[in-house]
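Thanks for making the time this morning.

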Amino acid sequence: LACAAGALGIGLAYVLPGPLFTGAVGEVSFGLRPDGTVLLYTFGLALLACLAFGLAPALHATRSSFHHALNQRSATASRISLRGLLLAMQVAISVILLVGAGLLVRAIQHARSQDPGFAVDGMTSVTFEFPGSAYHGPRMNAFYRDLSRGLDGVPFGFSSLEPMGNARNFTSFRLPGAPKEQSLMILTNAVSAPYFEVLRIPVMEGRNFQPADAGAPVILVNQAMARRYFPGESVVGKTIVSGKPRQIIGVVRNAHTWGLDTVEPALYRSEEHTSELQSLRH
């Protein structure tokens with residue numbers, strides 16, 4: 001029975017997930033079929049089930065005594081009670097697993113139907129991580145120049161953080177006239193001038209970065225930042241202190257570049273070359 005159940009489980013794992021996920025959320029980019037590790041685990045679990053539920057009762061039966069036979073009625077009652085408890089636990093665990101699987105499918109459906117606020121189709125994100133001892137200064141700049149020439153004709157942008165990545169960068173800033181003790185924390189990202197054009201994130205107010213802005217004390221902020229810290233005001237032209245005074249030159253539309261749950265206030269610095277390359281559009 002254990003081997004038959006394991007074989008049936010493996011068969012279902014090979015056949016069902018693909019059609020179920022495709023029907024629920026469309027094509028997925030990750031593998032759904034069990035690999036050798038899963039097969040080995042299933043075989044071990046079936047073997048353990050054989051030993052636990054087959055061998056143990058058999059050994060117990062060989063040690064039966066006449067006294068045990070006389071008290072068969074009471075023992076049967078206790079076994080029935082234990083079986084009922086185990087059955088209830090099995091049903092409860094199965095229900096929890098089914099509910100968890102259903103919530104997973106619903107979460108994937110919700111994520112696919114939600115507009116992240118930036119272009120997704122046709123986008124490719126590439127990340128390079130360089131050893132700091134070997135790549136810095138002129139060598140880093142030369143790498144990006146060569147890479148830009150190789151991508152001639154392909155719209156691309158640089159970013160220190162990839163959209164929807166796990167990493168987050170925060171920086172402190174102060175509002176105009178606020179003392180140093182009232183510094184606030186905000187999400188930040190260093191991007192090149194074409195970054196917002198590549199991701200098709202429109203500038204709602206002011207202007208986008210220009211190549212000449214690279215390294216300059218100018219920033220863009222998203223709508224969430226403008227509404228939270230400058231409610232009812234135009235933020236273009238205002239100056240905040242983040243390390244040094246920085247002028248806000250534009251406001252970009254909110255985008256879920258850090259997660260689908262909510263859009264946090266964020267500011268963007270202009271950097272032509274960063275340690276990571278992101279968001280190449282083909």
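Let me begin with Asp146 and Arg149, which form a salt bridge whose closest N and O atoms are 2.3 Å apart, a salt bridge being a side-chain nitrogen of Lys or Arg within 4 Å of a carboxyl oxygen of Asp or Glu. Before going further, please keep in mind that this is a predicted model, in which local features need pLDDT of at least 70 and side-chain atom pairs count only at pLDDT 80 or more, while totals for chains, interfaces and linings use all residues. Residues are numbered from 1 along each chain as its sequence is written, and side-chain values use heavy atoms, with hydrogens and water left out.

Asp146 counts as partly exposed because its relative accessibility is 43%, whereas Arg149, at 55%, counts as exposed.

How many salt bridges does the structure hold? There are three. Another one joins Arg207 to Asp213, with the closest N and O atoms 2.8 Å apart; here Arg207 is partly exposed at 36% relative accessibility, but Asp213, at 10%, is buried. There is also the salt bridge between Lys238 and Glu233, where the closest N and O atoms are 3.2 Å apart, and in this case Lys238 is partly exposed with a relative accessible area of 25%, as is Glu233 at 45%.

Turning to the cysteines, a search of the whole structure finds zero disulfides, a disulfide being a pair of cysteine sulfur atoms within 2.5 Å. Cys3 is exposed, with a relative accessible area of 55%, while Cys50 is partly exposed at 34%.

Now the aromatic rings, for which the count comes to eight pairs. Rings of Phe, Tyr and Trp (its six-membered ring) pair if their centres lie within 6.5 Å, and planes under 30 degrees apart count as stacked, over 60 as edge-to-face and the rest as tilted. One of these pairs is Phe128 with Phe143, which is edge-to-face at 5.7 Å centre to centre and 75° between the planes. Phe128 lies in the loop between S1 and H6 and Phe143 in helix H6, so the pair ties together parts that are 15 residues apart in sequence. Phe128 is partly exposed at 30% relative accessibility, and Phe143 is partly exposed at 22%. Phe143 also pairs edge-to-face with Tyr144, at 5.4 Å centre to centre and 80° between the planes, and Tyr144 is buried, with a relative accessible area of 0%. Ring pairs link Phe128, Phe143, Tyr144, Phe156 and Phe158 into a cluster.

Finally, the pockets. A pocket is an open set of points on a 1 Å grid over the protein atoms alone, where a 1.4 Å probe fits, with protein on both sides within 12 Å along at least five of seven lines, and its lining residues have an atom within 4 Å of a point. The largest pocket is lined by 19 residues, and Ala5, Leu45, Ala49, Phe53 and Gln90 lie nearest its centre. Helix H1 (2-15), helix H3 (36-62) and helix H5 (72-113) are the elements that give two or more residues to this lining, and H3 gives the most, with seven.

The second largest pocket is lined by 17 residues, of which Pro116, Phe118, Ala119, Val120 and Met164 lie nearest its centre. H5 and strand S1 (123-124) each supply at least two residues of that lining, with H5 giving the most, at three residues.

Technical notes: Helices (H or I, at least four residues) and strands (E, at least two) are DSSP runs, numbered from the N terminus. Buried means under 20% relative accessible area, exposed over 50%, partly exposed in between (1.4 Å probe, protein chains only).
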